[in-house]
Amino acid sequence: MIFVQILLLALGFGMLVKGADWFVDGTSGIAAKLGIPQLVVGLTIVAMGTSAPEAAVSITAALRKNADIAIGNVVGSNILNILIILGLTALIRSVAIQKSTLRVEIPYMIVITVVLVFMGKNDGCVTRTEGLVLWALFLLYLGYLFRLAGKGTEKEAPVEKKVWLLLLSAVAGGVIVVWGSDITVDAATKIAAAAGLSERFIGLTIVALGTSLPELFTSVTAARKGNADIAIGNIVGSNIFNILFVIGTSALITPVPYEKGFITDGWIAVAAGVLLWIAVFRTRKLQRKWGICMLLSYLAYFLYLL
């Protein structure tokens, strides 16, 4: 049984690698064809596409009246997105940060994470009313993105592929990434359960890693191909989307329990965002040394969970 799960784990990783490759090629190609800034593509299409596993897991759980896994899933994923994914991305190459990301998107991500923690501290759950507040903040964010897209005047290198081929590449890549993450999460969770690990540990690490695998492979692939704006935009956009859309929508379906144990994890998510902001504040680059610092920070968090 464990051997089968290990084979499925390997299959899932293979799907993630290939799917991310097609997804980045397709989305960056479409952006170049339409003259849309890569940053906007990263903050919207790529971010929402790679957040599909978090959305699927949390919203399905809410529909089944089992919304208590939503907070652990989102908070764990957001911590991992910054400390592991951007840490690894920065190790591959130093990543330049757009001025708007430094001034608006990262601070906005930090603020809404603080808002989520206070919602949890207030009465131990995210209520339907608070879900409406999160959705209002999500609509505000979408309005900002539309305004940002309207300022796109970048000159991209010509792309020879036809638009329909790029669309096919993006859609097929996205589907394979999400499917691959589903296979990987299921296999990894069964392996961890067989090893006797706790549910909280599995939720905040293995399930969080599994639902963050699309972001991981998409960001690393984007960095490797020189599409750094997609890499950073993907992570910041995904974290914003996870809190405002995923938790907001889950809370509208049914109040989302926010256990006391996750309050600390929420503050760690805030600290991760602040660390990212400090790392890029002066140079507007996420350098390798900060990538190492982020990876070591996650190691410390991992040991804390043990």
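Here is a short chat about a few features of this predicted model.

Colleague: Which helix gives the most to the nonpolar patch?
Modeller: The patch covers about 650 Å² of surface, and Leu-88, Leu-91, Ile-292, Leu-296, Leu-299, Leu-303 and Leu-306 make it up. Two helices, helix 4 (68-92) and helix 11 (288-305), each put in at least two residues. With four residues, the top contributor is helix 11.

Colleague: Is Leu-303 buried or exposed?
Modeller: Leu-303 is one of the patch residues, and it sits in helix 11. The cut-off for exposed is over 50% relative accessible area. Leu-303 comes in at 54%, so it counts as exposed.

Colleague: How are helix 5 and helix 10 oriented to each other, roughly?
Modeller: Helix 5 (residues 99-123) packs on helix 10 with the axes 9 Å apart and an angle of about 165°. Angles over 145 degrees get the antiparallel label. The two helices are therefore roughly antiparallel.

Colleague: What hand does the crossing of helix 5 and helix 10 have?
Modeller: This is the pair with axes 9 Å apart. Where helix 5 passes helix 10, the crossing is left-handed.

Notes
Residues are numbered from 1 along each chain as its sequence is written. This is a predicted model: local features need pLDDT of at least 70, side-chain atom pairs count only at pLDDT 80 or more; totals for chains, interfaces and linings use all residues. Side-chain values use heavy atoms; hydrogens and water are left out. Patches are made of residues with over 30% relative accessible area and no salt bridge: like charges are joined within 9 Å, nonpolar side chains (Val, Leu, Ile, Met, Phe, Trp, Tyr) within 5 Å. Accessible areas come from the Shrake-Rupley method with a 1.4 Å probe; for residues, only the protein chains shown count as cover. A salt bridge is a side-chain nitrogen of Lys or Arg within 4 Å of a carboxyl oxygen of Asp or Glu. Buried means under 20% relative accessible area, exposed over 50%, partly exposed in between (1.4 Å probe, protein chains only). Axes are lines fitted to C-alpha atoms, for helices over the stretch in contact, and angles run from 0 to 180 degrees between N-to-C directions. Angles under 35 degrees count as roughly parallel, over 145 as roughly antiparallel, 65 to 115 as roughly perpendicular and the rest as oblique. A crossing is left-handed if the near helix is turned anticlockwise from the far one by less than a right angle, and right-handed if clockwise.
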